[in-house]
Amino acid sequence: MLAFPMSDGGCEHLATVVGRLSFSLLLLLPWLLAMEQGSTKKQHSQQPEGKSNIHVYVRVRPLSNEEIAQGEKFSVQLSRDEQSIKVLDRGYSSSSIAFQFDGCIGPTVGQEEMMQKLRLQKLLNKVLEGYSSTVMAYGQTGSGKTFTMSGRQEFLQASNNLKSPTDGLIARAVTYLFGATKSQSTENNPKSFTIKASYFEVYNEQVNDLLRLNCAPREVKWSPNEGFYVADLLLVECEMVDDVFSVLDEGAKNRKMGSHNLNKDSSRSHCVMTLHMDSHWKLDDGPTIIRHGRMIFVDLAGSERLKKTKSSGDMLKETGNINRSLFTLGKVISALAEGKRKDVIPYRESTLTKLLMESLGGSSLALMIACISPALSAIDETMSTLHYASCTKTIVNLPLVNMDEKDKVLRLA
Ligand SMILES: Nc1ncnc2c1ncn2[C@@H]1O[C@H](COP(=O)(O)OP(=O)(O)O)[C@@H](O)[C@H]1O
Ligand SMILES: [Mg+2]
């Protein structure tokens, strides 16, 4: 049945909420709909099991046909062991700068092979154990962020379960997670999962729910248990992997429609899709242990805005007008890389960095894919991306299981 637990922002009548859903989403509703937060309270209740650096991979896209026709040259070269990348000075390898990463993924690597190279499975398995994991794509506009995260087709087709070889990381990760939930539960060890999805964008410091058309921007709130979160975001319960694909489809359509109607520049928006995976694990004659795993996928705005903002020197005007979130993201990454104290990291200066606080120097596991164009004409952007990616690599997180307070008592007993 439909469940509408009270959220911080109050409870809306079912008819109002359903009325706001677009028709296509309604068609797909065997799902339960619930308002964000009410049913998903979590607490960090465990000692950290260890430090974990943010893993950083670079992905180089191929030159486009147009670029080839224009006689573009390759500006980068991967090392044989795929651990480092050289930026060639004006196309000649004699004078060049090398950057080390967890891995470098070349232009001929397809989507499936990319998944193996990223070793994403470990991050996904941690979500099943109740950790939060974040994957974010960073880079200039046109460098392959959306291709990497979502694949070539802008709209994923419902029921098109991994039929396209260009399907992106989100579709593949979600398919893996659903498969893994089934294999985790045995007769002697019954474990069930409740899976919900949310999808929002941060544009001009506003949070828009991509699963609800025509609703007012959502508020970012803070609570001692949750940290920063988006209030009253629609959470869609997903029983099958196709349900998540429908959510992705809906979010991509609404993002496109929103940017068309309002004449927005979509390369300035940050898109965040979250899979909330709550596991219920019944101990023999004992209580049920509940864990709140989160898989967060972030397709960031084009990083060239960051560079433009920095180079102008007129920080106040630029951060206000261009993209405060992207600018602050750069500041947060730099401050964390310099080892500054947590209380002086400027997370609170932008919407995105508030919401990514757990992913950058917090209690989440995280992986960044820095996407770059190989074109010599993009060499400045490439250098900037590799610089921030290098800083990100040094950021240390302390991953924690998200569990309820009562489970903490059980563990200590
Ligand atoms: N690894 C890749 N292989 C093939 N084509 C790619 C790859 N990465 C990006 N592209 C293509 O390059 C173009 C720009 O990619 P896109 O993902 O839209 O960039 P961004 O999201 O960073 O702005 C698209 O036409 C996309 O299909
Ligand atoms: Mg994009």
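**Reading the model**

Analyst: By class, three nonpolar, seven polar and three charged residues make up the shell around ligand 1. Here Ala, Val, Leu, Ile, Met, Phe, Trp, Tyr, Cys and Pro count as nonpolar, Asp, Glu, Lys and Arg as charged, and the others, Gly among them, as polar. This is a predicted model, in which local features need pLDDT of at least 70 and side-chain atom pairs 80 or more, while totals for chains, interfaces and linings use all residues. Residues are numbered from 1 along each chain as its sequence is written, and chains are lettered from A and ligands numbered from 1 in the order in which they are written.

User: Which residues come nearest to ligand 1?

Analyst: A residue is near a molecule if its C-beta atom, placed from the backbone, lies within 6 Å of it. Of the 13 residues around ligand 1, Arg61, Gly144, Lys145, Thr146 and Phe147 come nearest. Helix α6 (residues 145–150) gives the largest share of the shell, three residues; helices (H or I, at least four residues) and strands (E, at least two) are DSSP runs, numbered from the N terminus.

User: Is α11 largely enclosed or open, and why?

Analyst: A residue is buried if 20 or more other C-beta atoms lie within 10 Å of its own, exposed if 12 or fewer, and partly exposed in between, with C-beta atoms placed from the backbone. Because eleven of the 14 residues of α11 are buried, the rest of the structure largely encloses this helix. Among the buried residues are Arg324, Phe327 and Leu336. Just after α11, Gly339 has a positive phi of about 75°.
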